[in-house]
Amino acid sequence: MMKQHTIKMGGLLAALALAWPLAPAQAEGHLLAVGGMLRASNQPVYQKFIELAGGVSNARIAIMPTASGSQSSSKRFRGELIALGVPEANISIVNIDRKNYQDTMNDPDTVKPLTLASAVWFVGGDQARIARALYNGDGSPSLAFQAIRPLKERGGVVGGSSAGASIQGVWMPTAYGVVMDTLDFGVAARGNMRGTAVLKGSGLFDGVIDQHLDKLEETTSGRALRMASYLTSRNLKRGYGLDTNTAMWIKPDGTIEVLGEGYVTVMDTSSASNSFGIYGSEIRNVRLAMLGSGDRYDPARDVIVPDPGKVAIKAGDEYLNGNALIPDLSAVNSVGRAVIYGLADNKARQQQGLLTRYNPANGYHYGYRVNFSKGESFAAWSRFVDSLTNYTVRDVRMDIEPVDAMLGHPARTRPADIARSKQQQAIAAVVFRGLMTTDAQRRFEAQRAITRAELANALQMMLNGELKAAEKPLLSDVAGDHPLREQIEIVVSNGWMSGYDRFWPQQAVTREEFALAVRRLAEVFQQRSLAQRATLLDAAQLGKGYDEAAELVVGEGLLAAPGGHFNGKAPVMREEVARVLAQVTGIAS
C-alpha cells in the first residue's frame, strides 16, 4: 500500500472578524456540496448521496426547488435518482419555490416531507432565494429551516448543487455582472448590485463555498479572482471554490473529501491584504491549494491528504518547462490551467495572466495582472487515470494588481489636463475603469459639456444593462456602424435616457436630462429607491418627469441646486459627471 502524504497548508486564523459571527461546531450528519452542472454520469457523487441518505431502499429524499425559476431541475434530479433505484414514493419535491415561499416556508403541511426525510437536496439557481425561505423577516429560522437542521443532526445528509452548495456556508457569495466588477467596484453592499455581495448562509458548514470556479455554462468563469476579493474585503480567512461536476463531501468530523471530475480550490487569505482605491483592487499574498478526486482535507488541523494513488512530482521531473502569459483569466478553466499546467507540472516558478475590459468609444482598455507563483512550501502530486492526469497542488501564491493597457502602473492612465480640477480623484478613478475616456493626448476636458452619446456610454459602462427588445429604439440619427450604437440602444430601451426615432448623439446633455439619468443610475447600481426630496424654486420650469428626478437627486446629495435653483436647461460638464459616477459607485472620495 502506498504511503499517504500528510501536508500542512500553512497557518490559518481560527476565527473570523468579530463583526462576523461564527457558525456552530460541525454537527452529526453529512454535507455534499457540488459546484454546479452535475451530470447524471457522475456516479461517485450520486451514489455517495444515496448512500449517505440511507441507501437505495431506505433513503427518504426531499428536493428543494427554491433557488430555481421552475421545477424542471428538481424533476430532472428526481428522475436521475429513480433511475439509480430509489423508489419514486421515497422522493418529494417540497412546494417552496421562489414565488410562494412566504406562504409555504412556515406551513406545517408543506414542510412535512422535510421532517420525514433522511436527505435534502437544494437545486441550483439563486442562493439568495433559498436564504429568503430559510429565514423569517426578523432573522429567525423558518419552519423549513427548523426541519433541515435536525435532519442533519440525526445523521442525514444535506446536499446541493451550485446555489445549493453556496447556501450551506456561514456566509455565501451572490453576484451580478462579471468577475472584474468585484475588483473594480469592491464588494457590493447588497444582493443584485453589480459585483459580489456576501450574504448570510445557512451556517451548516463553517466556511464560505463558491461554485462554477472552472466554468459557467461552458462560457466564462475566473471566479477564483472575485473570491480573493470578497474574502479579503470581508476578513474571511478561508474559502472553498468548487469546479463544476465536482463535489466536496463534508463528514461529521469536519474533514473533507473530493468527489467527481474537477477540483476543489481551498483559498487561504489569513496573511493576505487588499488595497482598494481609485485604481481598483490590489490584492497580495492569497494562498491556494487545489484538491482533486480522492483527496482529503482537515480544516481543523489544516492538513491535506492526497489520494493514495498519487505520486509526488519531484523538482526537475515536471512534464513542462516554461509557460506563456494567459491573456484571459475569465476563460473556461483558465485559473486551473495556470495553477496546474503553469506551475504544478511545470519547471517554471511563476505564471501570469490577465483580466481586461475595454470601452467601445475608442478602444481604451485596462485590467488586472495576476501572478501565480510557487510558495515556500509548494508541492504537487499526480496520478494517471482514465487517460487523464489528476493533481493535488499545495501552496500557490496569488497576487492581483491593476494595470494599464501597456501592463504598466495604472497611474499612467491619469488624464494630463486635470491638475486644476477639484475632482481629480474622481476623474482618475472613472477614467482608469473606462467609465469615461480621454482623447489620444490623454485630455479629459473636464469643463467641456458632455454629449448625449458620451453620457449613454458612461451609463452602460456603469450599469451593464441588457437590451429590452420590445423597447429597442429606431435611432435614425445614429449610424449602424457607430461605435456606441449598441450602448445607446440599451440605455434608451431601459429608460435611462430619452430618445426613440432620433437620439441627437452630439447634443449637449442638459441638467434636467442628467437628473433623470442620475436617478436611474443610483437606483439601478445601488438597488434602492431614492426618497429624500429637495424643494426647488424653479421646479415648474422643468419638464414632466424631470422635476421629480431633480428633486430626488438634489435631496439625496447627488446634484446641487444653489439657492434652490436647479437651472435645468444648463449643460452638464464632464467633470460633474465623473464626480457623480465616483460618488454612486464609491470608487473615490
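Author: Start with contacts, meaning heavy atoms within 4.5 Å. Leaving out residues up to four places away in sequence, Thr437 touches Asn359, Asn362, Tyr364, Phe444 and Arg574. This is a predicted model, where local features need pLDDT of at least 70 and side-chain atom pairs count only at pLDDT 80 or more, while totals for chains, interfaces and linings use all residues. Numbering runs from 1 along each chain as its sequence is written, and side-chain values use heavy atoms, with hydrogens and water left out.

Reader: Where is the place of Thr437? Is Thr437 buried or exposed?

Author: Thr437 sits in the loop between α11 (424-432) and α12. Helices (H or I, at least four residues) and strands (E, at least two) are DSSP runs, numbered from the N terminus. For accessibility, buried means under 20% relative accessible area, exposed over 50%, and partly exposed in between (1.4 Å probe, protein chains only). At 18%, Thr437 is buried.

Reader: Which loop holds Phe566, and what does Phe566 touch?

Author: Phe566 lies in the loop between α15 (546-555) and α16 (574-585). Its relative accessibility is 1%, so Phe566 counts as buried. Beyond residues up to four places away in sequence, its contacts include Arg511, Glu512, Leu536, Leu542, Ala550 and Val554.

Reader: Now helix packing. At what angle do α12 and α14 pack?

Author: Axes are lines fitted to C-alpha atoms, for helices over the stretch in contact, and angles run from 0 to 180 degrees between N-to-C directions. Helix α12 (residues 452-463) packs on helix α14 (residues 511-526) at about 10°, with axes 10 Å apart. Angles under 35 degrees count as roughly parallel, over 145 as roughly antiparallel, 65 to 115 as roughly perpendicular and the rest as oblique. α12 and α14 are therefore roughly parallel to each other.

Reader: Which residues in α12 and α14 meet?

Author: From α12 come Arg452, Leu455, Leu459, Met462 and Leu463; from α14 come Glu513, Phe514, Ala517, Leu521, Val524 and Phe525. By class, this contact has nine nonpolar, no polar and two charged residues. Ala, Val, Leu, Ile, Met, Phe, Trp, Tyr, Cys and Pro count as nonpolar, Asp, Glu, Lys and Arg as charged, and the others, Gly among them, as polar.

Reader: How many residues has the largest nonpolar core?

Author: In soluble globular proteins, nonpolar side chains tend to be buried together. A nonpolar core is a set of buried Ala, Val, Leu, Ile, Met, Phe, Trp, Tyr and Cys residues joined through side-chain atoms within 4.5 Å. The largest here has 112 residues, and Phe372 and Met398 have the most contacts inside it. Neighbours within four places in sequence aside, Phe372 contacts residues including Leu288, Leu329, Val335, Val339, Val396 and Met398. Another core, of 44 residues, lies apart from it; Ala62, Leu134, Phe145 and Ile148 are among its members.

Reader: What covers the buried residues of α10?

Author: The cover includes α9 (223-233), β15 (280-291), β19 (350-358), β20 (365-385) and β21 (388-403). Nine of the 11 residues of α10 (residues 334-344) are buried, so this helix is largely enclosed by the rest of the structure. Among them are Val335, Ala338, Val339 and Leu343.

Reader: On to strands. Which residues of β11 lie on one side and which on the other?

Author: In a regular strand the side chains alternate between the two faces of the sheet. Thr246, Met248 and Ile250 are on one side of β11, Ala247 and Trp249 on the other, and all are buried. The strand spans residues 246-250.

Reader: In what sense do β11 and β12 pair?

Author: Two strands pair if DSSP finds at least two bridges between them. β11 pairs with β12 (residues 256-260) in the antiparallel sense over five bridges, and Trp249 stands opposite Glu257. Five residues separate the strands of this hairpin, where Gly254 takes a positive phi near 90°. Strand β2 (residues 30-34) also pairs with β11 in the antiparallel sense, over four bridges. There, Val34 has Ala247 as its bridge partner.

Reader: And what is the phi of Asn192?

Author: Asn192 has a phi near 75°, a positive value in a residue other than glycine. Asn192 lies in the loop between α8 (179-185) and β8 (195-200), and is exposed at 53% relative accessible area. Asn333 has a positive phi of about 55° and is not a glycine either. Asn333 is partly exposed, at 30%.
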